[in-house]
Amino acid sequence: MTAIAARYTIRRWSIIPGFGPALGFTIFYLGLIVLVPLSALFLKAAELDLPTMWKILATPRVAAAFRLTFGASAIAALINSAFGLIIAWLLVRYRFWGRRIVDAMVDLPFALPTAVAGVSLTALTAKNGWIGSIFAPFGINIAFAPPGIVIALIFVGLPFVVRTIQPVLQDFEPELEEAAATLGADRWITFLKVIFPSLAPAMLTGFALAFARAIGEYGSVIFIAGNRPGATEIVPLLIVIKLEEFDYRGAAVIASASLAVSFSLLIVINLMQRRMRARG
């Protein structure tokens, strides 16, 4: 009777009706869409031996592309983490005229084609553009230089940070801030000791999403980067060039290395999130 009751309880309190078929379809779909293409990528790269792979990755052109891509992505993700927190705070904590317009503008990079964003940013930051003309007399180039790449990556990654932090702020209990105020804490102490620890895991998640999105960005960057080998050439463009040269194995090696580094960083960030949640 106990086994029958347990089976009845499991069936009755199942979260999703038809859990078995739904789980099977989910695994099949994710395997078909995610695992099969990635497996094919690594299998193509595995056709070369390790010394040959290292020789491809150690060439100055490829090494420079990796340094630029990951460095610019990290800088853009850090900037988005700071300003994304401010924007999310503004949208959640204050009511003002035009708030819905600002909230909709956050999602604009999701809807806007990346090529359009690249052309627009290039027109603004070029030497004869509205922004570029301000810095040009000082010898500072934004477009067709690493700063332009960072700006493009900031543009495409900002929504990931804002939309990750926003729900956490909405669910935050204001009673905790009131309790801190009654104990004599000022605003900065309340933010640093009470609010920020709860936001830190969400900020790490937003940073990871923005960083991963920036690494694979192509459309908006190729217009503003200038695409000079060894200087402003990014990894996605280098992969496309390898494919156009019919060097499929070389493209697979570069793509596999980029994926491995990105996946490793995401694992590290997830472990940091678990530790922070455990301490919290």
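**Entry 1**

I began with R61, which counts as partly exposed at 33% relative accessibility. My scale for this calls a residue buried under 20% relative accessible area, exposed over 50%, and partly exposed in between (1.4 Å probe, protein chains only). Before going on, I noted that this is a predicted model, where local features need pLDDT of at least 70, side-chain atom pairs count only at pLDDT 80 or more, and totals for chains, interfaces and linings use all residues. I also noted that residues are numbered from 1 along each chain as its sequence is written, and that side-chain values use heavy atoms, with hydrogens and water left out.

Which residue meets R61 in a salt bridge? I found E233, with 2.7 Å from N to O between the side chains. A salt bridge here is a side-chain nitrogen of Lys or Arg within 4 Å of a carboxyl oxygen of Asp or Glu. The two ends sit in distant parts of the chain, 172 residues apart: R61 is in helix α4, and E233 is in the loop between α12 (221-225) and α13 (235-244). I take helices from DSSP runs (H or I, at least four residues; strands would be E, at least two), numbered from the N terminus. E233 itself is buried, with a relative accessible area of 2%.

Next I searched the whole structure and got seven salt bridges. I reminded myself that side chains of opposite charge can pair when their charged atoms come close.

One of the seven joins R163 and D107, whose closest N and O atoms are 2.9 Å apart. R163 belongs to helix α9 and D107 to the loop between α5 (99-106) and α6 (108-111), so this pair ties together parts 56 residues apart in sequence. Both ends are partly exposed: R163 has 24% relative accessibility, and D107 has 29%.

I then looked at E217 and R213, whose side chains meet at 2.3 Å, N to O. Here E217 is buried at 2% relative accessibility, whereas R213 is partly exposed at 27%. I also saw that K44, E47 and R249 are linked in a network of salt bridges.

**Entry 1: the cavity**

How many cavities of 30 Å³ or more does the structure hold? I count one. The search ran on a 1 Å grid over the protein atoms alone, and a cavity is a set of points where a 1.4 Å probe fits but cannot get out; lining residues have an atom within 4 Å of a point. Grid points are joined across faces, edges and corners, and the volume is the space filled by probe spheres set on the points. For the largest cavity that volume is about 60 Å³.

The lining divides into nine nonpolar residues, two polar and one charged. Helices α4 (60-93), α9 (146-171) and α11 (187-215) each supply at least two lining residues, and α4 gives the most, with four.

**Entry 2: the nonpolar cores**

Nonpolar side chains tend to be buried together in soluble globular proteins. I looked for nonpolar cores, meaning sets of buried Ala, Val, Leu, Ile, Met, Phe, Trp, Tyr and Cys residues joined through side-chain atoms within 4.5 Å. The largest has 40 residues, and F66, I165, L169 and I254 have the most contacts inside it. Helices α3 (50-57), α4, α9, α11, α13 and α14 (248-279) each supply at least two of its residues. Apart from it lies another core of 18 residues, including L121 and I234.

What does I254 touch, not counting residues up to four places away in sequence? Its list includes I56, V62, F66, L238 and K242, with contact meaning heavy atoms within 4.5 Å.

S258 is also in helix α14 and is buried at 10% relative accessibility. Leaving aside neighbours within four places in sequence, S258 is in contact with F66, F70, I215 and V235.

**Entry 3: two positive phi values**

Most residues other than glycine have a negative phi. I noted N227, not a glycine, with a positive phi of about 55°. N227 lies in the loop between α12 and α13 and is partly exposed at 27% relative accessibility.

F246 has a positive phi too, near 60°. F246 is in the loop between α13 and α14, and its 64% relative accessibility counts as exposed.

Notes:
On a 1 Å grid over the protein atoms alone, a cavity is a set of points where a 1.4 Å probe fits but cannot get out, and a pocket is an open set with protein on both sides within 12 Å along at least five of seven lines; lining residues have an atom within 4 Å of a point. Ala, Val, Leu, Ile, Met, Phe, Trp, Tyr, Cys and Pro count as nonpolar, Asp, Glu, Lys and Arg as charged, and the others, Gly among them, as polar.
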